[in-house]
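Read it alongside the sequence and the structure shown here.

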Amino acid sequence: MTSLLKPDFVRMPLDEAYRVLVAKTLETSADEDAWPIDSARRETLAAARELGEKPTAARFLSVRAERVRERFAQADAQASGKALRTCEEAQLKRFPIPKLRSGTLTLLLAVLAYLAGTAADRWTSDGHIVNLLAAPFLGILLWNLMIYALLIIRSAVRPFASKKSADAERTSGARSLLEAIIRKTAALKLTRERRTFAAQMLVLLEPQICAMAARAFHLAAAAFAAGILASIAVRGIGTAYLVGWESTWFADDPVRVAQILEAIYGWLPAAFAPLPALTPETVAAMNLTAGGAQNASPWLVALMSLLLIVVIVPRLLLAGFLPRSRRSQRSR
């Protein structure tokens with residue numbers, strides 16, 4: 001179908017790419033009586049003559065596809081006695097765009113993440129003692145900051161990346177698994193012919209599939225942080241938390257600990273973090289191994305504010321800004 005064209009990929013609106021794929025499927029699935037061997041070449045040459053010299057690849061494919069679909073519709077109309085327009089509509093109904101069922105998967109992932117988050121604060125506290133240097137909580141913040149940095153870097157590099165390097169950027173692991181599940185469920189109830197069409201159509205819908213998977217993971221990350229926040233808030237009603245720190249490497253270095261805590265909490269406005277001054281003396285008095293501790297209320301408010309500002313709000317914004325559809329797709 002694209003033998004006269006040099007590009008391997010052509011960018012065109014999704015509805016046009018869909019009609020091109022329908023025409024391609026009609027050609028490849030028809031027997032020789034309905035579509036003789038030389039029919040494809042005749043339609044290619046006819047489309048070239050109609051468009052004149054040097055048509056764009058997208059325009060050529062679109063015009064040729066319409067000619068092919070019209071030929072098949074005319075044959076169907078003669079065989080069935082129906083109107084040409086009715087037969088053209090029947091072609092599109094025969095090859096529907098696969099429905100991308102991601103809502104249930106997204107909800108399930110978010111619920112599981114929330115439930116995991118409600119138990120995660122137990123990782124950062126021993127009973128009613130909260131360790132401000134606990135690795136799991138710091139890891140959550142660092143992980144999300146790293147994700148944001150990677151997204152910014154990828155957005156900056158993408159305009160200069162070649163197609164080959166862009167293909168190499170495809171995600172793996174859990175996100176790829178989610179994308180595969182969306183693909184499978186989109187073609188679950190289709191016949192073999194429609195399943196073949198759906199497999200090719202899903203290539204055109206790949207940007208949407210990737211956006212759905214990314215949205216699901218952004219919402220899951222927000223739900224995980226919300227679970228931690230809710231657990232801390234609810235447990236704080238009936239638990240008298242005490243806050244402090246303990247460390248093997250910084251046990252005798254409260255100055256370094258004060259610097260770490262200042263880096264984590266110091267940038268928060270006072271309304272979000274009504275914390276005491278983080279001086280070496282104040283921090284030394286919070287050393288849990290020396291029996292020190294403080295009332296956890298202001299620290300828990302600061303911790304919850306961090307989760308809200310660093311994780312929940314950015315993740316929800318990222319999920320909201322992801323495109324739900326793409327006007328332009330690539331057709332092979």
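**Nonpolar cores and a surface patch**

Ala58 lies in helix α3, which spans residues 57-80. The model is a predicted one.

- Ala58 has a relative accessible area of 18%, so it counts as buried, the limit being under 20%.
- Leaving aside residues up to four places away in sequence, Ala58 touches Val10, Arg11 and Met12.
- Met12 is 46 residues from Ala58 along the chain, yet their C-alpha atoms are 6.0 Å apart.

The largest nonpolar core
- This core has 41 residues, and those touching the most other members are Phe137, Leu261, Tyr265, Trp299 and Leu306.
- At least two residues of this core come from each of α5 (103-124), α6 (135-157), α10 (206-238), α11 (254-265) and α13 (297-321).
- The helix that gives the most to this core is α13, with 10 residues.
- Leu261 touches Leu132, Leu133, Gly266, Leu278, Val283 and Trp299, when residues up to four places away in sequence are not counted.

The surface patch
- A nonpolar patch on the surface is formed by Trp267, Phe272, Leu308, Ile309, Val313, Leu317 and Phe321, with about 680 Å² of accessible area together.
- Phe321 belongs to helix α13.
- With a relative accessible area of 69%, Phe321 is classed as exposed because the cut-off is over 50%.

Definitions and conventions:
Residues are numbered from 1 along each chain as its sequence is written. This is a predicted model: local features need pLDDT of at least 70, side-chain atom pairs count only at pLDDT 80 or more; totals for chains, interfaces and linings use all residues. Side-chain values use heavy atoms; hydrogens and water are left out. A nonpolar core is a set of buried Ala, Val, Leu, Ile, Met, Phe, Trp, Tyr and Cys residues joined through side-chain atoms within 4.5 Å. Buried means under 20% relative accessible area, exposed over 50%, partly exposed in between (1.4 Å probe, protein chains only). Helices (H or I, at least four residues) and strands (E, at least two) are DSSP runs, numbered from the N terminus. Contact means heavy atoms within 4.5 Å. Patches are made of residues with over 30% relative accessible area and no salt bridge: like charges are joined within 9 Å, nonpolar side chains (Val, Leu, Ile, Met, Phe, Trp, Tyr) within 5 Å. Accessible areas come from the Shrake-Rupley method with a 1.4 Å probe; for residues, only the protein chains shown count as cover. A salt bridge is a side-chain nitrogen of Lys or Arg within 4 Å of a carboxyl oxygen of Asp or Glu.
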